[in-house]
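Here is a walk through one model, from its sheet to its core, its charged pairs and its rings. Have the structure open while you read.

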Amino acid sequence: MSEISSINYRGFEFEFEYNYTPPYLGTWEDPPESEEWEIYNITLNDIDAEFLLNPMYDDFIEEVINKLKEY
């Protein structure tokens with residue numbers, strides 16, 4: 001199930017949707033899996049903003065994940 005959130009990044013308020021899958025510790029038969037974040041539908045004033053973030057996309061995603069982990 002996706003969630004909607006926002007972040008102030010470099011003075012602009014971006015909205016985005018995300019899915020979070022918690023880590024799986026694994027069993028003898030199944031290997032462990034790390035947590036997974038999926039960030040998508042990034043908008044600024046209801047306009048698709050992914051192309052604006054292209055040069056700094058990785059930094060943006062890192063800040064989003066750090067913000068979400070604080071909750």
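## The sheet

Start at Thr43, which stands opposite Asp48 in β4. This is a predicted model, so local features need pLDDT of at least 70 and side-chain atom pairs count only at pLDDT 80 or more, while totals for chains, interfaces and linings use all residues. Residues are numbered from 1 along each chain as its sequence is written, and side-chain values use heavy atoms, with hydrogens and water left out.

Zooming out, 4 strands make up an open sheet, ordered β1-β2-β3-β4, with antiparallel pairing. Strands here are DSSP runs of E with at least two residues, helices are runs of H or I with at least four, and both are numbered from the N terminus. Two strands count as paired if DSSP finds at least two bridges between them. β3 and β4 run antiparallel and are joined by 2 bridges. The edges belong to β1 and β4 (47–48), each of which pairs on one side only.

## The core

Now for the nonpolar core, meaning a set of buried Ala, Val, Leu, Ile, Met, Phe, Trp, Tyr and Cys residues joined through side-chain atoms within 4.5 Å. Buried is under 20% relative accessible area, exposed is over 50%, and partly exposed is in between (1.4 Å probe, protein chains only). The largest core has 15 residues, and the ones touching the most other members are Ile7, Phe14, Phe16, Ile39, Ile42, Phe60 and Val64. Two or more residues each come from β1 (3–9), β2 (12–21), β3 (36–44) and α1 (57–70). The top contributor is α1, with 5 residues.

Leaving out residues up to four places away in sequence, Ile39 touches Phe16, Glu17, Tyr18, Tyr57, Ile61, Val64 and Leu68, where contact means heavy atoms within 4.5 Å.

## Two salt bridges

Searching the whole structure turns up 2 salt bridges, each defined as a side-chain nitrogen of Lys or Arg within 4 Å of a carboxyl oxygen of Asp or Glu. One joins Arg10 to Asp59, with the closest N and O atoms 3.7 Å apart. That pair links distant parts of the chain: Arg10 sits in the loop between β1 and β2, Asp59 in helix α1, 49 residues apart. Arg10 counts as exposed at 57% relative accessibility, whereas Asp59 is partly exposed at 30%.

Lys69 and Glu35 form a salt bridge too, their closest N and O atoms being 3.0 Å apart. Here helix α1 supplies Lys69 and the loop between β2 and β3 supplies Glu35, 34 residues apart. Lys69 is partly exposed at 47%, and Glu35 is partly exposed at 29%.

## Ring pairs

There are 6 aromatic pairs in the whole structure. Rings of Phe, Tyr and Trp (its six-membered ring) pair if their centres lie within 6.5 Å; planes under 30 degrees apart are stacked, over 60 edge-to-face, and the rest tilted. Phe14 and Phe60 are an edge-to-face pair, 5.4 Å centre to centre with 65° between the planes. They link strand β2 (Phe14) with helix α1 (Phe60), 46 residues apart. Phe14 is buried at 4% relative accessible area, and Phe60 is buried at 0%.

Tyr20 and Trp37 form a tilted pair, at 4.4 Å centre to centre and 40° between the planes. Tyr20 lies in strand β2 and Trp37 in strand β3, so this pair ties together parts 17 residues apart in sequence. Tyr20 is partly exposed, at 36%. Ring pairs also connect Phe16, Tyr18, Tyr20 and Trp37 into a cluster.
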